[in-house]
Amino acid sequence: MKERLLEGSDKIKGLRHMDNVKVFADYPDLTKRDLIVAIGIEGKDYQDRGVTIYERVNTSVYSKHILEAIGLTGAIRVSPFHCHTVDDIDKFSSVTKELSVTKN
């Protein structure tokens with residue numbers, strides 16, 4: 001699942017390979033990380049696209065420490081809560097790909 005989300009498949013590019021998408025605190029060795037991924041895609045909105053995301057912001061007591069530790073004020077959090085199956089990952093990746101190349 002991690003590899004499909006980050007590296008992609010024959011069907012869709014992974015987050016690491018999409019223009020205008022930044023994977024934060026990324027580690028090349030997928031064996032040393034869990035499925036939780038923080039990404040940035042500036043000025044884009046997932047609403048009304050059938051994908052649920054949660055933005056982490058440094059004003060939140062739950063997110064402040066980790067975001068400030070990596071020098072961010074906010075990030076989109078992708079986790080097993082959002083992506084349960086291969087189809088979920090492919091849908092999220094497809095919407096992210098669409099948002100990464102289109103203007104608001």
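1. Let's start with a term you'll need. A pocket is found on a 1 Å grid over the protein atoms alone: it is an open set of points with protein on both sides within 12 Å along at least five of seven lines, and its lining residues have an atom within 4 Å of a point. Grid points are joined across faces, edges and corners, and a volume is the space filled by probe spheres set on the points. In this structure, the largest pocket holds about 390 Å³ of space.

2. Before going on, a word on what you're looking at. This is a predicted model, where local features need pLDDT of at least 70, side-chain atom pairs count only at pLDDT 80 or more, and totals for chains, interfaces and linings use all residues. Residues are numbered from 1 along each chain as its sequence is written, and side-chain values use heavy atoms, with hydrogens and water left out.

3. Back to the pocket. It has 17 lining residues, and the closest to its centre are Ile-36, Val-37, Ala-38, Ile-66 and Ile-70. Two or more lining residues come from each of E2, helix H2 (64-69) and E4, with E4 giving the largest share, three residues. (Helices, H or I of at least four residues, and strands, E of at least two, are DSSP runs numbered from the N terminus.) What kinds of residue make up the lining? Twelve are nonpolar, one is polar and four are charged. Here Ala, Val, Leu, Ile, Met, Phe, Trp, Tyr, Cys and Pro count as nonpolar, Asp, Glu, Lys and Arg as charged, and the others, Gly among them, as polar.

4. Now the sheet. Four strands form an open sheet in the order E1-E2-E4-E3, with antiparallel pairing; two strands pair if DSSP finds at least two bridges between them. Why is one side of E1 (22-24) and of E3 (54-57) left without a neighbour in the sheet? Both stand at the edges, so each has a single partner strand.

5. Have a look at the pairings around E4. Strand E2 (residues 37-40) pairs with strand E4 (residues 74-78) in the antiparallel sense over three bridges. Across that pairing, Val-37 stands opposite Val-78, and Ala-38 stands opposite Arg-77. E3 and E4 are antiparallel too, over four bridges, and there Glu-55 stands opposite Ile-76.

6. Arg-49, in the loop between E2 and E3, is 43 residues from Phe-92 in sequence and 9.4 Å from it in space, C-alpha to C-alpha. Arg-49 counts as partly exposed because its relative accessibility is 30%.

7. Finally, two backbone angles to check. Asn-20, in the loop between H1 and E1, has a phi near 65°, a positive value in a residue other than glycine. Ala-25, in the loop between E1 and E2, has a positive phi too, near 50°. Asn-20 is exposed at 58% relative accessible area, while Ala-25 is partly exposed at 39%.

Notes. On a 1 Å grid over the protein atoms alone, a cavity is a set of points where a 1.4 Å probe fits but cannot get out, and a pocket is an open set with protein on both sides within 12 Å along at least five of seven lines; lining residues have an atom within 4 Å of a point. Buried means under 20% relative accessible area, exposed over 50%, partly exposed in between (1.4 Å probe, protein chains only).
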